[in-house]
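Subject: Structure for you to look at, with notes

Dear colleague,

I am handing over the structure below, and my notes on it follow. Please read them with the model open beside you.

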Amino acid sequence: MLILLPNEKIILKKHPHIVVLLFPLGLIILSWLGLILLSELFLEAVERRILISLFSFTFSFVSLIIFLDWWYTRFYLTNLRVVKVRGIIGKTYYTIRLLNIEDLSFSFGLIGWLFNFATLVIESAGTYGKITFKYLPSPKKVQLEIEKQIGKAYSILDLL
């Protein structure tokens, strides 16, 4: 959960694109089915049950970890800052205030272009560093919204 600053409100909240969740889970399911087929051909019934039980538990555990990593990786855009949160138990927060953003870019390959996701890189002024958010869905919309919020932040400064 993101702790908001005074007068801060969330504009956007995004998870990585669903494709990054479905691809590894699909590979796990195909591996599990392949294991069942091979065990039917080469193992006795008792050995087959033990092996399938062991691998079913392992595949379930790995699938749960993949899902939780996807679920607990988030991108937030607020009216004051951009935040990336990652971590299942321990959390890591990367934050850049909108007024410190120097460069905003995204890149995508063929799969990203087909499924509309990209890697968004936000670089800041000074020693703040950068935030890289991989597999961000609808990157052009996100970029436009960030630029819109930066414009609003500067217009508020002009009024002061």
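What covers the buried residues of helix H1 includes helix H2 (45-71), helix H3 (110-115) and strand E6, where helices (H or I, at least four residues) and strands (E, at least two) are DSSP runs numbered from the N terminus. The buried residues in question are Val19, Leu21, Leu25, Ile28, Leu35 and Ser39; buried means under 20% relative accessible area, exposed means over 50%, and partly exposed lies in between, with a 1.4 Å probe and protein chains only. Contact, here and below, means heavy atoms within 4.5 Å.

Before going further, please note that this is a predicted model, in which local features need pLDDT of at least 70 and side-chain atom pairs count only at pLDDT 80 or more, while totals for chains, interfaces and linings use all residues. Residues are numbered from 1 along each chain as its sequence is written, and side-chain values use heavy atoms, with hydrogens and water left out.

Helix H1 covers residues 19-42, and its end C-alpha atoms are 34 Å apart, which agrees with the 34 Å that its 24 residues should span at 1.5 Å a residue; the expected span is 1.5 Å times one less than the number of residues.

Turning to the cores, a nonpolar core is a set of buried Ala, Val, Leu, Ile, Met, Phe, Trp, Tyr and Cys residues joined through side-chain atoms within 4.5 Å. The largest one has 15 residues, and those with the most contacts inside it are Phe75, Val82, Leu98, Ile101, Leu120, Ile122 and Ile146. At least two residues of this core come from each of E2, strand E5 (101-107), strand E6 (117-124), strand E7 (130-137) and helix H4 (139-159). Apart from it lies another core, of 5 residues, including Leu21, Leu25, Ile28 and Trp70. Leaving aside residues up to four places away in sequence, Phe75 touches Leu12, Lys13, Lys14, Val82, Val83, Leu120, Ile122, Phe133, Leu136, Val142 and Ile146.

There is also an open sheet of 4 strands in the order E1-E2-E3-E4, with antiparallel pairing, where two strands pair if DSSP finds at least two bridges between them. Strand E1 (10-14) and strand E4 (92-97) are the edge strands, each pairing on one side only. Neighbouring strands of this sheet are turned by 15 degrees against each other on average, direction ignored; the axes are lines fitted to C-alpha atoms, for helices over the stretch in contact, and angles run from 0 to 180 degrees between N-to-C directions.

Within the sheet, strand E2 (residues 74-78) and strand E3 (residues 81-86) pair in the antiparallel sense over 4 bridges, and Leu77 has Val82 in E3 as its bridge partner. E3 and E4 pair in the antiparallel sense over 6 bridges, with Arg81 standing opposite Arg97 in E4. The hairpin of E3 and E4 has 5 residues between the strands, and Gly87 takes a positive phi near 135 degrees there.

As for the aromatic residues, a search of the whole structure finds 7 aromatic pairs. Rings of Phe, Tyr and Trp (its six-membered ring) pair if their centres lie within 6.5 Å, and planes under 30 degrees apart count as stacked, over 60 as edge-to-face and the rest as tilted. One of the pairs is that of Phe55 and Phe59, which is tilted, at 5.7 Å centre to centre and with 45 degrees between the planes. Both residues lie in helix H2, 4 residues apart, about one turn of the helix; Phe55 counts as partly exposed at 29% relative accessibility, whereas Phe59 is buried, at 18%. The rings of Phe67 and Trp71 have their centres 6.2 Å apart and their planes at 20 degrees, so this pair is stacked. Phe67 is partly exposed at 34% relative accessibility, as is Trp71 at 37%, and ring pairs link Phe67, Trp70 and Trp71 into a cluster.

Asn116, in the loop between H3 and E6, has a positive phi near 60 degrees and is partly exposed, with a relative accessible area of 42%. Tyr135, in strand E7, has a positive phi of about 60 degrees although it is not a glycine, and its relative accessible area of 37% makes it partly exposed.

With best regards
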